[in-house]
Amino acid sequence: MSEEIDLVMQWNAAGAVARDDVPRALRASGAHPDGARWLRFVEWLTLGAGSVLLAVALVFFIAYNWHAMPNVARFALVEAAIVVAVAACLWRGPDSTAGAAALCAAAIATGALLALVGQTYQTGADTYELFAAWALAILPWTLLGRQAPLWMLLLAVVNLASQAWFARWGMASAVGGQGALWTLVLVNAGALALWEIGRRLDLREFHADWALRIVAAASGLAATIAGIDAIVDSRTAAPALGIAWLLWLAGIWYGFRMRRVDVFVLAVGLGSVVVVAALFLGKHLFSAAGFVSPLLVGALVIGIAAGGIVVLKRVAQEAHS
Amino acid sequence: MSAAVTWEKLVTAGIVRGESPATTAPPMAWYLRALAAVAAWIAAICVLSSTSILFVRAFDNAVTTLVVGAALLAIGAWVLARAKGRVFVAQFGLAFAIAGEAAIGLGIARASEPNHTLAWALIGAFEAIMLVAIAERTHRALAALAVGMCGFGLLARLGPLSLAAPLTTIAFVGAAWAATRDARSDALWRPASAGFGVALLAFAPLADLAHDAVRWWHAPPDTSSRVAAVLMAIAFVAVVALLCRRLALADSRVTRVALLGAIAIAALAYPVPGLLAALIVMLVAFDTGRPALTGLGIATAIGMLGYYYFSLATTLFAKSVSLAAVGIVLMGVGAALRRVARASEGQASEARRHA
């Protein structure tokens, strides 16, 4: 869309598109949405947001009536919500916007049901067990529903489960004191790899660009934290995280430059390089040689960013031609 | 989409004729510009550090700070004027310009002490001038964000902090739609609207959260936050009305349903700080073809609802009823719009068949 805006504005500057025609040109080119696209957007927004709000309202209502409601009523309410949501999904079909929204609401309500089970029966289950059970419970719906938002929810729940596991067992000290961080990197890098495999297998839900960008950003954030930890952490196991960061970068380059081109994912990798390089250079060079050092660090950071941007612009142009 | 395909669409729509003019390479994608901005910020900090080491007394008082800042800004502006699309040169210039403006801002603040109100006003005016004077897109977005921040600080000092959101809304919506007029307006207002949009998303909830905190700043008492909430509700309905007008909807029923839905949502979103601001950013950004800003608006709306959940201002029952009501209204509005729009589509295609 921004490419179309730039083209129309270039043609306006060149005199090919009259000033009065610019708004029409922006709609005709697809840069600005027309009525049909607006309708799809409003439909997605209102049905999606409406169903999520209803699911969350149910959670609040249960919490409010917590003490007053008998156990039977609590479970009946939550389970009825799940049944209604699944029925709505089957009625409208999981491929429709309404059906997909209903399935997402059912997945969220499942988490509420598991929390209710844990609190009502005092099973002694830990937080990580709740999240792990939630992930397992919604996995069949995620596989069958074939909706990108469900995969996003599953990824978030898996991340929470793994971090809660480390918090419970105090295993953050595992793997040289960085077990939790290693898990964060591996889970999210694995998710990005699996997403790309799903796309290669031409599975419809993995063609959603917005979801790929969220997964790539999550993976990039985890890898960047690992890279930063490798620089600032003085423990002997820290450099291994630096190697993990480098391997992640190599994977990004291989998957999104050599196999197919996705400039956004490559930009996430470049952003990670800029941040980690800035920290590395700052740590080792900042105070090395008077006023020259900060300038040198700044110039190197700009050089890395600018060089990377030039490469990515060229990659984008090659991909478009 | 290629230039040839886009040109063909304009030819089909009867807007242009013949061969398309030659086009230059498109500007950077928004995420590359954001990356460049982050790198420039890091480099600007390095430049300031280097300057403070080289000239030990550079930032000792207001006058030397202003002189050093002006020199850095002049270098940055000179380099930017000669960048001619070269990324490294442009980023270098941007780093010096940001460092210079930060130093000038510091100098103005020192010179204005203890009058912080004057400092905010002068820095905001300076950044507004820089917004127009330096034509680099990333710089314009950052300058607009700085103008928004200064406006927020000024209102906090003067008292009506709650007005930050309505005023920033006017700036964002005005800039976003002004950008669609022609190429010259686009070059100035599209990046500026990005900066105002981010400022709105940041400060709308902050203004509400800080409503009680202003007493700690010994500032005059704020205007009623209800005034600001009413203004935001009016702004939201006005934006929806203007959107319907921009779309030139043939069927007035769609417009009526949209406006009724907007009024209902504005009334129900009243207790949720920042939600209407996020929805305004989302709608206007979508209308002007800005997917990143649209996503930011959606994410902020979700965040504001999450904050609403954790706040202790109302009972869980009230929250449950409010959220359920909003959810039902949203689904009702969506279903009604879909039905009316499809009926309208059906009538239009029927009329075309008969014609």
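Q: In which helix of chain A is A:Thr97 found?
A: A:Thr97 is in helix 5 of chain A, residues 97–121. A helix here is a DSSP run of H or I with at least four residues, numbered from the N terminus. The model is predicted: local features need pLDDT of at least 70, side-chain atom pairs need 80 or more, and totals for chains, interfaces and linings use all residues. Residues are numbered from 1 along each chain, chains are lettered from A and ligands numbered from 1 in the order written, and side-chain values use heavy atoms, without hydrogens or water.

Q: Why is A:Thr97 called partly exposed?
A: Its relative accessible area is 31%. Buried means under 20%, exposed over 50%, and partly exposed in between (1.4 Å probe, protein chains only). A:Thr97, at 31%, is therefore partly exposed.

Q: What makes A:Asp202 exposed?
A: A:Asp202 has a relative accessible area of 56%, so it counts as exposed. A:Asp202 lies in the loop between helix 9 (179–200) and helix 10 (209–232) of chain A. Its phi is near 60 degrees, a positive value in a residue other than glycine.

Q: Which label does A:Arg146 get, and why?
A: A:Arg146 has 29% relative accessibility, so the label is partly exposed. A:Arg146 sits in the loop between helix 6 (127–145) and helix 7 (148–169) of chain A, and its phi, near 55 degrees, is positive although the residue is not glycine.

Q: Which residues of helix 5 of chain B are buried, and why are they said to be on the same side?
A: They are B:Ala119, B:Ile123, B:Gly124, B:Phe126, B:Glu127, B:Met130 and B:Leu131. They cover an arc of only 165 degrees around the axis, which puts them on the same side of helix 5 of chain B. The arc is that of the directions from the helix axis to the C-beta atoms. An α-helix has 3.6 residues a turn, so residues three or four places apart point the same way. On the other side of helix 5 of chain B, B:Ile129 and B:Ala133 are exposed.

Definitions and conventions
Helices (H or I, at least four residues) and strands (E, at least two) are DSSP runs, numbered from the N terminus.
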